[in-house]
Amino acid sequence: MSTTSKLLPFQPLSMTTAELAAVSFLARYSGHTHELYSYQLRRWFTWCQTNGLDPLTGIQRAHVELYIRNLGEAGLMASSINTMMHGLRGYFRFATSTA
């Protein structure tokens, strides 16, 4: 993964598979939803980078559970954690359906 978690601009020759999937997933949204999902994916990519994980490949249920725990430890309420997972769920659904 690149040294930054920025998902845009679109530079396919220098992007990882995870970044390409994220940009493609986000392209279907605009406005507030695009901003929200971009933030949620940036946060996921940053957490993965911190923990030495590829944000897409090799992710297991345990990784997602640890991420959820991390969100709770950061002070998010259960309802906010649920909202934070919307973009991530959509990202994985999109990435696995196009693979």
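This is a predicted model: local features need pLDDT of at least 70, side-chain atom pairs count only at pLDDT 80 or more; totals for chains, interfaces and linings use all residues.
Starting with the big picture, the chain has four helices and zero strands. Followed along the sequence, the pattern reads α-α-α-α. Of the 99 residues in the chain, 36% count as buried. The accessible surface comes to about 6000 Å², and carbon and sulfur atoms account for 55% of that surface. Sequence separation is also worth a look: among contacts between residues at least 6 apart in sequence, 53% join residues at least 24 apart.

Next comes helix α1, which covers residues 17-26. This helix is mostly covered, with seven of its 10 residues buried. The buried ones are Ala 18, Glu 19, Ala 21, Ala 22, Val 23, Phe 25 and Leu 26. Thr 17 also sits in helix α1, but Thr 17 is exposed, because its relative accessible area is 57% and the cut-off for exposed is over 50%. Thr 17 and Leu 56 are 39 residues apart along the chain, yet their C-alpha atoms are separated by 7.8 Å.

How does α1 sit against helix α2, which spans residues 31-50? The axes of the two helices come within 10 Å and cross at roughly 165°. Angles over 145 degrees count as roughly antiparallel, so α1 and α2 are roughly antiparallel to each other. In passing α2, α1 makes a right-handed crossing. On the α1 side, the contact is made by Ala 18, Glu 19, Ala 22, Phe 25 and Leu 26, while α2 brings His 34, Tyr 37, Ser 38, Leu 41 and Phe 45. Sorted by class, the residues of this contact are seven nonpolar, two polar and one charged. Several names here turn up in the buried list for α1 as well, including Ala 18, Phe 25 and Leu 26.

From α2, the residues involved are Gln 40, Arg 43, Trp 44 and Trp 47; they meet His 63, Val 64, Leu 66, Tyr 67, Asn 70 and Leu 71 in α3. By class, this contact has six nonpolar, three polar and one charged residues.

Is His 63 buried or exposed? Its relative accessible area is 18%, and buried means under 20%, so His 63 is buried. Setting aside neighbours within four places in sequence, His 63 is in contact with Trp 47, Leu 53 and Gly 58. Trp 47 is one of the α2 residues that meet α3. As for Leu 53, its C-alpha atom and that of His 63 are separated by 8.9 Å, with the two residues 10 apart along the chain.

Methods:
Residues are numbered from 1 along each chain as its sequence is written. Side-chain values use heavy atoms; hydrogens and water are left out. Axes are lines fitted to C-alpha atoms, for helices over the stretch in contact, and angles run from 0 to 180 degrees between N-to-C directions. Angles under 35 degrees count as roughly parallel, over 145 as roughly antiparallel, 65 to 115 as roughly perpendicular and the rest as oblique. A crossing is left-handed if the near helix is turned anticlockwise from the far one by less than a right angle, and right-handed if clockwise. Contact means heavy atoms within 4.5 Å. Ala, Val, Leu, Ile, Met, Phe, Trp, Tyr, Cys and Pro count as nonpolar, Asp, Glu, Lys and Arg as charged, and the others, Gly among them, as polar. Buried means under 20% relative accessible area, exposed over 50%, partly exposed in between (1.4 Å probe, protein chains only). Accessible areas come from the Shrake-Rupley method with a 1.4 Å probe; for residues, only the protein chains shown count as cover.
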